[in-house]
Amino acid sequence: MCPRAAQTCEICKKVVSKYKCPSCLVPYCSLACFKIHKETPCAKPSSTEEKPASPAKEEVPVERPVHVEEANDVVEKTENKASAASPAKEIPVARPIHVEEEKYVLEKTQLEAIASSSEIREALKDEALQKLICNIDSSSNPVQELDEAMGLEAFREFTDKILSNISKSK
C-alpha cells in the first residue's frame, strides 16, 4: 500500500484500511468490514475526471470476479501460483477493469507468464518501482501518471520485460 494513501477503515474506524470498495471506493480493512459495508447498497461516485476524453471510443467492460481477501492470502496465492507445478488458481481483482478495445485484454496464459516470471518478480522487489506503480494505480489521472513513468528508464525496462513475457506466451 502507498504510504500517502494510508486511511483508516470507514467501517470499524480502528484499523488502517488495506482495501477500497470497488463500487464506492470507501476504504475498509477486512472481509468482515466489507461484508458489513455491503449490507447497504453503494454506488461509484460520479466524477468528471472519469469520463473518457474522446466520446468516439466506446469502452468495452471486461467482466472479472470481484472478491475480497486478506492481503496475506493474496500474496501467498500469488507466490504459490508462481512456484506450483499444478494448475494455478485464479486470483480475483479488487475492482472491475474496463478497456477501450478488447484486443488489449490479456489472455490467461499471458497473465500466468507475467506472474510466474522470475525476472519480473525480481524487478518488483525494487521499492522505487513499487511506489511508482502504486502512484499510478491510486492516481486520479492514471493515464497521465503512466505517461510520465514511461519517461523513466527503470519503468520502461520493466514494461519491456512484461511485453517480452506476453509475446513469449502467445
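Predicted model: local features only at pLDDT ≥ 70, side-chain atom pairs only at ≥ 80, totals over all residues.
**Cysteines, cores and charged pairs**

Cys9 is buried, with a relative accessible area of 1%. A disulfide is a covalent bond between the sulfur atoms of two cysteines. How many disulfides does the structure hold? The count is zero. For Cys9, the closest cysteine sulfur belongs to Cys12 and lies 3.7 Å away. Two cysteine sulfur atoms must be within 2.5 Å to count as a disulfide, so the sulfur atoms of Cys9 and Cys12 are too far apart for a bond.

Cys21 is in no disulfide either, and its nearest cysteine sulfur, that of Cys42, is 3.6 Å away.

The UniProt record, an unreviewed entry, carries the annotation "domain: HIT-type" for residues 9–42. Over residues 9–42, the chain is 21% helix and 12% strand.

Next comes the helix α1, which spans residues 31–37 and includes His37. Is His37 buried or exposed? His37 is buried, with a relative accessible area of 11%; the limit for this label is under 20%. What does His37 touch, once its neighbours within four places in sequence are left aside? Its contacts are Ile11, Cys21, Cys24, Val26 and Cys42. His37 can also be compared with Glu10 in two ways: along the sequence they are 27 residues apart, while in space their C-alpha atoms are 8.9 Å apart.

Glu10 leads on to charged side chains. Side chains of opposite charge can pair when their charged atoms come close. The structure holds three salt bridges. One of them joins the side chains of Glu10 and Lys13, with an N to O distance of 3.5 Å. Glu10 is partly exposed, at a relative accessible area of 42%, whereas Lys13 counts as exposed at 55%.

Lys13 has a further feature, this time in its backbone. Its phi angle is near 55°, a positive value in a residue other than glycine. Lys13 lies in the segment before β1, the strand at residues 19–20. Leu25 also has a positive phi, near 65°, and again the residue is not glycine. Leu25 is found in the loop between β1 and β2, with β2 at residues 27–28. With a relative accessible area of 37%, Leu25 is partly exposed.

Lys125 and Glu122 meet through their side chains in a salt bridge, 3.3 Å from N to O. Lys125 is exposed, with a relative accessible area of 58%, and Glu122 is partly exposed at 49%. Arg156 forms a salt bridge with Glu153, and here the closest N and O atoms are 2.4 Å apart. Where do Arg156 and Glu153 sit relative to each other? Because they are three residues apart in helix α7, about one helical turn separates them. Arg156 counts as partly exposed at 30% relative accessibility, and so does Glu153 at 45%.

The largest nonpolar core has 11 residues, among them Ile114, Ile120, Leu129, Phe155, Phe158, Ile162 and Ile166. Three helices each supply at least two residues of this core: α4 (118–123), α5 (127–138) and α7 (153–169). Which helix gives the largest share? That is α7, which supplies four residues.

A second, separate core has eight residues, including Cys21, Cys24, Tyr28 and Cys33.

Conventions:
Residues numbered from 1 in each chain as written. Heavy atoms only, no water. Buried < 20%, exposed > 50% of the residue type's maximum accessible area, 1.4 Å probe, protein only. Core = buried A, V, L, I, M, F, W, Y, C linked by side-chain atoms within 4.5 Å. Contact = heavy atoms within 4.5 Å. Salt bridge = Lys/Arg side-chain N within 4 Å of Asp/Glu carboxyl O. UniProt positions renumbered as here; feature names shortened; annotations may be inferred.
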